[in-house]
Amino acid sequence: MRIIALLGALALLVALPFFTTGYVVYLANLLLTFTVLCLGMHIVIGEAGQFSLAHAAFYGIGIYVAGISGTHFGTPFPVSMLLGGVAAALVGLVIGTVALRMRDIYLALATFAFGEAMQWVFLNWNAVTGGPNGLRIAPAQLFGLELVTDKHAYPFVVISAFIMLGLTILISRARIGRSFRALRESEVAAQAMGIPVQRAKLAAFGLSAFFAGVAGGMFTLFSTYIHPDSLGFSTTILVLTMVVVGGLGSIGGAVGGAIVFGLISELLRQAPSWQEIAYGTILVLFMMYAPKGLFAFLSDRMGRLRHG
């Protein structure tokens with residue numbers, strides 16, 4: 001069933017640009033970018049159990065590094081995306097080193113502080129980020145081919161998203177993924193089993209930041225403008241809500257949550273003053289009544305109906 005669903009989703013994504021408008025393609029690009037962001041948060045929170053609130057900062061690092069390298073140095077967009085991911089991963093390793101000494105709420109507060117500090121950098125480093133005026137990014141290019149429309153960027157966004165999805169599945173099924181899950185359940189038990197807890201935490205933060213940085217590079221494929229206001233704490237809460245709504249610890253939940261809640265957030269775009277209230281309310285309700293996520297909740301309800 002999973003293979004059939006995956007093939008059906010792939011067929012839909014391939015056919016999408018041929019029967020939809022440019023706005024729908026832009027929205028698909030954005031949702032696929034958020035999917036990669038959610039996969040990164042899934043690794044650090046859902047798999048490793050490390051409560052990080054700095055995802056928007058890593059996303060911003062990826063956008064600025066990829067955008068600046070493509071604009072000022074003319075690097076092909078695959079290289080720019082990789083540079084964005086690597087730059088974010090290096091910063092993530094530094095944060096992971098600090099996280100070795102913290103747990104739970106203290107870790108959340110420390111990563112929140114880092115995210116706020118990075119937004120201040122994005123807002124005030126005028127020479128690099130454009131400061132409060134934002135930054136214009138040249139269209140992504142590869143061997144003279146420029147991605148000047150959403151439909152031009154769409155195939156490369158889809159390919160990037162599927163590559164990152166495949167990488168997430170490989171990580172989950174590999175030894176490092178099992179180490180993450182052991183770490184999530186109990187650090188003491190994981191250490192007793194011979195798992196290097198410190199290295200596992202570092203790997204979780206580094207991989208999560210890499211995914212966020214690559215998502216930032218994907219954003220530069222279909223957008224030529226970035227403003228620091230879109231890289232604040234609200235973006236981290238949005239991605240966290242997507243992961244929780246889909247189901248913590250589930251790759252399918254992270255993907256489904258990104259798509260479902262991404263569409264909800266687009267509907268709420270017309271009421272910006274209510275967005276954060278709506279996100280917070282949805283997050284609290286799911287934590288209380290559907291902690292396993294929307295899809296597990298619906299599956300459980302359908303199972304109960306089938307059995308009377």
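## Salt bridges

E187 and K201 form a salt bridge, with the closest N and O atoms 3.2 Å apart. The pair links distant parts of the chain: E187 sits in helix 9 (residues 187–192) and K201 in helix 10, 14 residues apart. Both E187 and K201 are buried. The model is predicted.

The count of salt bridges comes to three. Another joins E47 to R181, at 2.9 Å between the closest N and O atoms. E47 lies in helix 2 and R181 in helix 8 (residues 175–185), so this pair ties together parts 134 residues apart in sequence. E47 has 5% relative accessibility and counts as buried. R181, at 25%, counts as partly exposed. E185 and R184 also meet through their side chains, at 3.1 Å from N to O. E185 is exposed, with a relative accessible area of 59%. R184 is partly exposed, at 32%.

## Helix 10

Helix 10 covers residues 197–222. At 1.5 Å a residue, its 26 residues should span 38 Å. The end C-alpha atoms are 39 Å apart, which agrees. Of those 26 residues, 21 are buried, so helix 10 is largely enclosed by the rest of the structure.

## Second largest pocket

The second largest pocket holds about 630 Å³ of space. It is lined by 26 residues, and the closest to its centre are F34, S230, T235, L238 and R269. The lining divides into 14 nonpolar, eight polar and four charged residues.

Helix 2 (22–47) gives the largest share of this lining, five residues. Elements that each supply at least two residues include strand 4 (225–226), helix 11 (233–246), helix 12 (251–267) and helix 13 (272–289).

Methods
Residues numbered from 1 in each chain as written. Predicted model: local features only at pLDDT ≥ 70, side-chain atom pairs only at ≥ 80, totals over all residues. Heavy atoms only, no water. Helix = DSSP H or I, 4+ residues; strand = E, 2+ residues; numbered from the N terminus. Expected span 1.5 Å × (residues − 1). Buried < 20%, exposed > 50% of the residue type's maximum accessible area, 1.4 Å probe, protein only. 1 Å grid on protein atoms, 1.4 Å probe; cavity = no way out; pocket = protein on both sides within 12 Å on 5 of 7 lines; lining within 4 Å. Points joined across faces, edges and corners; volume = space filled by probe spheres on them. Nonpolar A, V, L, I, M, F, W, Y, C, P; charged D, E, K, R; others polar. Salt bridge = Lys/Arg side-chain N within 4 Å of Asp/Glu carboxyl O.
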